[in-house]
Amino acid sequence: MSAKAKGAGSGATPATPPAIEAWEVFRQEKDGDPMRHGGSVMAPDAELATHYAREMYGRRQESVRLWVVRRSDVHDLDDTDLLQPPLDRSFKKPGGYVMRDKLAAARAAAGQEKPKARIR
């Protein structure tokens, strides 16, 4: 009796292959640089995803550090209350406080025109 015939008659179920998942790869080019998204790899587990990431993003020494994260573990933050604060805090931005629009609105409310440029 062949091995194939034995397995078929014994009631054993064939092993299902593990599910392939998407893994996101973040890489750092040089020490001190921020981690940047490099791409993604498809693998059944973390160990194989790490090997694939190392092969794709580290074999030419273009990365000094890799992070491999399961795509399902990445959480999307789309809460507008957290992303857009309700108070105007534009004066805290590094570009400074832009007065041009506020001055134009104040002049319009007061009925004054913009003063002419001075000639020296």
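1. Buried means under 20% relative accessible area, exposed means over 50%, and partly exposed lies in between, with a 1.4 Å probe and protein chains only. By that cut-off Ala19 is exposed, at a relative accessible area of 57%. Ala19 sits in the loop between α1 (3–9) and β1. Ala19 touches Ala43 and Pro44, leaving aside residues up to four places away in sequence; contact means heavy atoms within 4.5 Å. The C-alpha atoms of Ala19 and Pro44 are separated by 5.6 Å, although the two are 25 residues apart along the chain.

2. On provenance: this is a predicted model, where local features need pLDDT of at least 70, side-chain atom pairs count only at pLDDT 80 or more, and totals for chains, interfaces and linings use all residues. Residues are numbered from 1 along each chain as its sequence is written, and side-chain values use heavy atoms, with hydrogens and water left out.

3. Overall layout. The protein has four helices and three strands. Helices (H or I, at least four residues) and strands (E, at least two) are DSSP runs, numbered from the N terminus. Along the sequence the pattern reads α-β-β-α-β-α-α.

4. Burial and surface. Of the 120 residues, 11% count as buried. The protein exposes about 10,600 Å², and carbon and sulfur atoms supply 54% of it. Accessible areas come from the Shrake-Rupley method with a 1.4 Å probe; for residues, only the protein chains shown count as cover. Among contacts with a separation of 6 or more, 43% come from residues 24 or more positions apart.

5. The sheet. Three strands form an open sheet in the order β2-β1-β3, with antiparallel pairing. Two strands pair if DSSP finds at least two bridges between them. The edge strands are β2 (36–43) and β3 (65–70), and each pairs on one side only. From one strand to the next, the twist averages 25°. Axes are lines fitted to C-alpha atoms, for helices over the stretch in contact, and angles run from 0 to 180 degrees between N-to-C directions.

6. Strand β1. Seven bridges join β1 (residues 21–28) to β2, and the two run antiparallel. Glu24 stands opposite Ser40 in β2. Trp23 faces Val41 in β2. On the β3 side, six bridges join the antiparallel pair. There, Gln28 has Arg65 as its bridge partner. How much of β1 is buried? Six of its eight residues are, so the strand is largely enclosed by the rest of the structure.

7. Helix α2. This helix (residues 46–57) lies across β1, β2 and β3, running at about 130° to β2. Its twelve residues reach 16 Å from first C-alpha to last, close to the 16 Å expected at 1.5 Å a residue. The expected span is 1.5 Å times one less than the number of residues.

8. Which residues of α2 are buried? They are Ala49, Ala53 and Tyr57. Seen down the axis of α2, the buried residues fall within an arc of 40°, so they line one face of the helix. That arc is taken over the directions from the helix axis to the C-beta atoms. The cover over the buried residues of α2 includes β1, β2 and β3.
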